[in-house]
Amino acid sequence: MRAHPAGPLHGGMTPPPSVGLPPADLGALDPQVWPRSARRVDGELHLGGRPVTELARTHGTPLFVLDEGDFRSRAADFAAAFHGADVHYASKAFLCGQVARWIADDGLHLDACSGNELALALAAGFPAERIALHGNNKSLVELQLAVDAGIGHVVLDSFDEIDRLVPLAADRVAAGGAPVPVLVRTTVGIEAHTHEFIATAHEDQKFGFSLATGDALTAAVRVIREPALRLTGLHSHIGSQIFDSAGFEAAAHRVVGLLGQLRQATGEVLGELNLGGGFGIAYLPDDDPVGPGDVARRLRAVVAAECEALGLPVPRLAVEPGRAIAGPGTVTLYEIGTIKPVRLGSGGQGAPPVRNYVSVDGGMSDNIRTALYDAAYTCVLANRTSEAPPALCRVVGKHCESGDVLVRDLWLPADVQPGDLLAVAATGAYCWSMASNYNYLLKPPVVAVRDGVATEIVRRQTLADVFALDAVLADVPAPSPAIDQPAPEHPAGARS
Ligand SMILES: Cc1ncc(COP(=O)(O)O)c(C=O)c1O
């Protein structure tokens with residue numbers, strides 16, 4: 001459990017170590033962190049060729065601004081690096097109809113983690129044969145949808161799921177259809193995050209079949225012997241926000257070992273190896289993730305070497321990047337409401353340090369990651385630059401929760417004021433997709449920007465949408481304009 005970060009500082013006089021010294025330029029946009037199209041024009045942040053004040057005026061705040069060129073070029077970077085392999089976009093990072101179409105048009109595959117993600121992709125016209133369905137508790141209804149749609153793979157996660165899938169698959173075969181193609185998800189005993197990975201013998205978690213206990217081998221043998229299923233390969237996923245390929249290499253070593261055991265046990269040589277997602281991105285300027293080119297080179301090398309050692313043909317590789325495609329190209333725009341200076345100590349030399357609590361018009365309902373994982377983000381004053389000296393700040397949301405923090409510690413110009421716009425970088429993955437209606441805040445829209453054109457690809461939720469779910473309020477008109485809906489003359493545009 002992480003200690004409350006404010007605790008030890010209450011008696012101290014120095015800023016927290018995590019924030020470091022103020023950067024030379026508080027308005028700088030580090031290309032590692034900001035979308036590929038981000039630039040300042042006369043001090044104002046522009047994304048995809050559109051000024052943020054205009055985006056805020058038109059669409060309101062909070063607002064997710066997705067740089068389409070960034071998203072699609074990162075997808076293309078993975079496709080190029082893994083040429084001859086299959087790149088599955090992990091749609092849990094962020095999915096909507098438009099994203100499903102981009103991924104389909106750009107030739108990638110797609111992972112769904114629930115029947116509804118699958119249904120959304122199918123409804124958007126995504127080719128079923130390029131979809132894989134994950135999940136540790138797939139229902140009969142979800143499996144039936146996958147079987148009926150003819151998706152590329154069901155990624156089997158438990159013995160119960162095999163029991164559930166077999167009769168559905170058998171019905172399809174009896175009706176003249178093909179056996180259902182499946183992968184067996186193995187838990188390889190590697191846990192990787194950022195720079196470290198831990199290799200263990202056992203796994204104490206809900207996903208997959210354990211390699212260490214022999215369950216993975218048992219499951220794979222059982223599936224091979226099941227005529228209604230077609231085992232095409234093995235799957236493993238070892239973690240998230242991984243900066244180093246060593247964990248993937250260790251996982252590949254173990255899972256190729258299972259391919260060898262399977263050949264020995266059944267004579268069957270499987271042709272596919274899916275090594276999952278988890279490729280890290282830069283949330284802060286100091287973060288140094290490896291690029292897709294390096295990861296692809298190292299993974300190919302280790303799989304080839306392991307296969308050679310076992311005398312196995314090299315299987316077709318697949319990977320499942322989510323964050324590394326969706327994360328860096330999206331920025332969340334917020335409007336600052338309240339600014340509260342809070343003294344961190346008193347007495348001693350010089351002025352007591354102060355932290356400015358900068359409250360914005362969203363929070364943990366549109367980005368739960370800081371509260372949930374202690375995730376680190378950075379942000380800048382977006383509607384203008386400033387020559388004011390740096391002030392230690394914490395960007396917080398408007399929820400009734402003291403843990404409602406978006407950016408824990410950062411430096412902003414001391415003259416930030418209510419009505420200014422803040423842009424938080426790298427919010428494209430696991431923010432909108434994890435959004436909630438906590439405190440009945442409404443889910444923000446997503447606007448795609450490209451070459452000077454802004455297109456709302458997901459509209460803002462309305463209070464009427466929320467009332468419609470409520471047995472008592474379904475027929476009660478929602479207040480108009482709804483509280484926290486952008487007023488027609490949103491003040492953001494007036495600033496400069
Ligand atoms: C099986 C699987 N594949 C892919 C991913 C995508 O991970 P990331 O977005 O970190 O690339 C996840 C994320 O948890 C996952 O569980």
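This is a predicted model: local features need pLDDT of at least 70, side-chain atom pairs count only at pLDDT 80 or more; totals for chains, interfaces and linings use all residues.
Arg222, with a relative accessibility of 33%, counts as partly exposed, and its side chain meets that of Asp163 in a salt bridge with an N to O distance of 2.7 Å. Because Arg222 lies in helix H7 (residues 215-224) and Asp163 in helix H6 (residues 159-174), the pair ties together parts that are 59 residues apart in sequence.

**Salt bridges**

- The structure holds 17 salt bridges, and one of them, described above, joins Arg222 to Asp163; Asp163, at 44% relative accessibility, counts as partly exposed.
- Salt bridges that share partners link Glu68, Arg72, Asp106, Arg450 and Asp451 into one network.
- Arg74 and Asp70 also meet through their side chains in a salt bridge, at 2.6 Å from N to O, and because these residues are four apart in helix H2 (residues 68-81), about one helical turn separates them.
- Both partners of that pair are classed by their accessibility: Arg74 is buried, with a relative accessible area of 14%, and Asp70 is buried at 0%.
- Arg50 forms a salt bridge with Glu54, in which the closest N and O atoms are 2.1 Å apart, and Arg50 counts as partly exposed because its relative accessibility is 22%, while buried would mean under 20%.

**Helix H6**

- Helix H6 has 16 residues and reaches 23 Å from its first C-alpha to its last, which is close to the 22 Å expected at 1.5 Å a residue.
- A kink of about 25 degrees is found in H6 at Leu165, shortly before the proline Pro167.
- After H6 comes Gly176, whose phi is positive, near 95 degrees.

**Helix H5**

- In H5 the buried residues are Leu143, Ala146 and Val147, and because they fall within an arc of 95 degrees when seen down the helix axis, they line one face of the helix.
- The face of H5 turned away from this buried side carries the exposed residues Val141 and Asp148.
- The buried residues of H5 are covered by elements including helix H4 (115-123), strand E7 (131-133), E8, H6 and E9.
- H5 is followed by Gly150, which has a positive phi, near 75 degrees.

**Lys92**

- An unreviewed UniProt entry places the feature "modified residue: N6-(pyridoxal phosphate)lysine" at Lys92, and this annotation may be inferred rather than shown by experiment.
- In the model, Lys92 lies in the loop between strand E5 (86-90) and helix H3 (97-105), and Lys92 counts as partly exposed at 38% relative accessibility.
- When its neighbours within four places in sequence are left aside, Lys92 is in contact with Cys113, Glu117, Tyr430 and Ser433.

Technical notes:
Residues are numbered from 1 along each chain as its sequence is written. Side-chain values use heavy atoms; hydrogens and water are left out. A salt bridge is a side-chain nitrogen of Lys or Arg within 4 Å of a carboxyl oxygen of Asp or Glu. Buried means under 20% relative accessible area, exposed over 50%, partly exposed in between (1.4 Å probe, protein chains only). Helices (H or I, at least four residues) and strands (E, at least two) are DSSP runs, numbered from the N terminus. The expected span of a helix is 1.5 Å times one less than its number of residues. The bend at a residue is the angle between axes fitted to the seven residues ending there and the seven starting there. Contact means heavy atoms within 4.5 Å. The arc is that of the directions from the helix axis to the C-beta atoms.
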